[in-house]
Amino acid sequence: MEECRISATNLACRRGDRLLFAGLSLALGPGEALQLVGANGIGKSSLMRILAGLARPYSGEVGRQGSLALLDERPALDEHQPLGRALDFWRSIDGGEAAGLERLGLEALLDVPVRYLSTGQRKRAALARLLGQRAPIWLLDEPLNGLDTHAIALVETLVAEHLAEGGIAIIASHQTFALPTLTRLALSEHVA
Amino acid sequence: MSAALALLRRDLGRLLPGAQGGGTLLPLLFFLAVAMLYPFAIGPNPTLLAGTGGGVIWVAALLAAILPLDRLFAPDLEAGMFDQWALRGLSEELVVAVRLIAHWLSFGPFVMLAALPASALVGIDGETLRVVELGLLAGTPGLAAIGIIIAAVTVSLRGGGAALAGLLVIPLAVPLLIFGAGALSTGGEGGLALTAAISLVLVAMAPFAGGAAIRASREG
């Protein structure tokens, strides 16, 4: 896996007139994982978007080496297309083979249009898209929402394997995420 | 390059007439409906119809270009597609440029084709039809580019965005209509050349203006 690291120094995020958090710093290297915890609306998703480079921080800087994959509440799969075709679109952009379809239990669903999938099935489909991207840095925003216990264990295993291969994972979740090496960052400590 | 091709394939699959159920056929049917209703409204006066028919085809083409605007960017922004493209290093400019091509392909050639039966309905002669077709060839890329820019600028407006986009396109399309449809009365090649020149400027601008607008709505 390619060399990767991600760091943030003194980040602050503003939403409208409200300063969500300030003075937040973090640094992660290969094989490290971080869980962002905090109440709803505290700015977990905003921080994820800033780390991904999709939104600009109010102040502070994000440094990153290595490509990055994001999983959030939107699967980014074409609703009217069968799941197989929707995933094929991303494969044609990312290159490489389909990954993890069997483990994620999606093989039987490839002919089903994305709009007919359940919440949990959508989340698993989005995970397949994430695996296919083969990016060393994973940003997972509420990856366990809507998943059953079997799928939750699978996601935890996938993340553990990703870390063992030298990847980085940042997980924003209010649920407990079973991973021995996981460090926690409470956003409530950085509320401005 | 292969990413651009993958994007174009996906865009064509969503925008070409007949794709995704019946919604994509509407602009074309709308175009023909206007051409069909016009003689009924004007009455059976062949000289009047032949004199104004070319202009009506132009107005119908403009309206047909407005109809798909709400489908151009809003669904992809909502589905998080633009975020995923940005993470993969595909710039908004590239995505918008590809979508401009797909948007034009999905109505430009079809409007030019539908102008043939429409010309029979409004009773214009062969020479006028030639000028109309050449004008549409020169003007529809410009109409597509205006549509792309406006759709990108209004993409983050919930609800009223689609109607507002239609209203905003109309004044911007006036120069194209003046020179494109104006070539009918003067019969000159000058009007066509100016229409093509305006189209060229708009097409060159659209990816940058549209890309900046999409990026701004994502970061906001």
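User: At what angle do helix α7 and helix α8 of chain B pack, and how far apart are their axes?

Analyst: Two packed helices are described by the angle between their axes and the distance between the axes. In this predicted model, where local features need pLDDT of at least 70, side-chain atom pairs count only at pLDDT 80 or more, and totals for chains, interfaces and linings use all residues, helix α7 (residues 92-122) and helix α8 (residues 126-153) of chain B pack at about 145°, with axes 9 Å apart. Axes are lines fitted to C-alpha atoms, for helices over the stretch in contact, and angles run from 0 to 180 degrees between N-to-C directions. Residues are numbered from 1 along each chain as its sequence is written, while chains are lettered from A and ligands numbered from 1 in the order in which they are written.

User: Which residues make the contact between α7(B) and α8(B)?

Analyst: Two residues are in contact if their C-beta atoms, placed from the backbone, lie within 7 Å. Among them are B:Leu100, B:Trp104 and B:Gly108 of α7(B), and B:Leu136, B:Thr140 and B:Ala144 of α8(B).

User: How many helices and strands does chain B have?

Analyst: Helices (H or I, at least four residues) and strands (E, at least two) are DSSP runs, numbered from the N terminus. Chain B has 10 helices and 0 strands, and its pattern along the sequence reads α-α-α-α-α-α-α-α-α-α.

User: What does the C-alpha trace of chain B span along its principal axes, and which share of the contacts with a separation of 6 or more joins residues 24 or more positions apart?

Analyst: The trace spans about 60 × 35 × 30 Å, and residues 24 or more positions apart account for 81% of those contacts in chain B.
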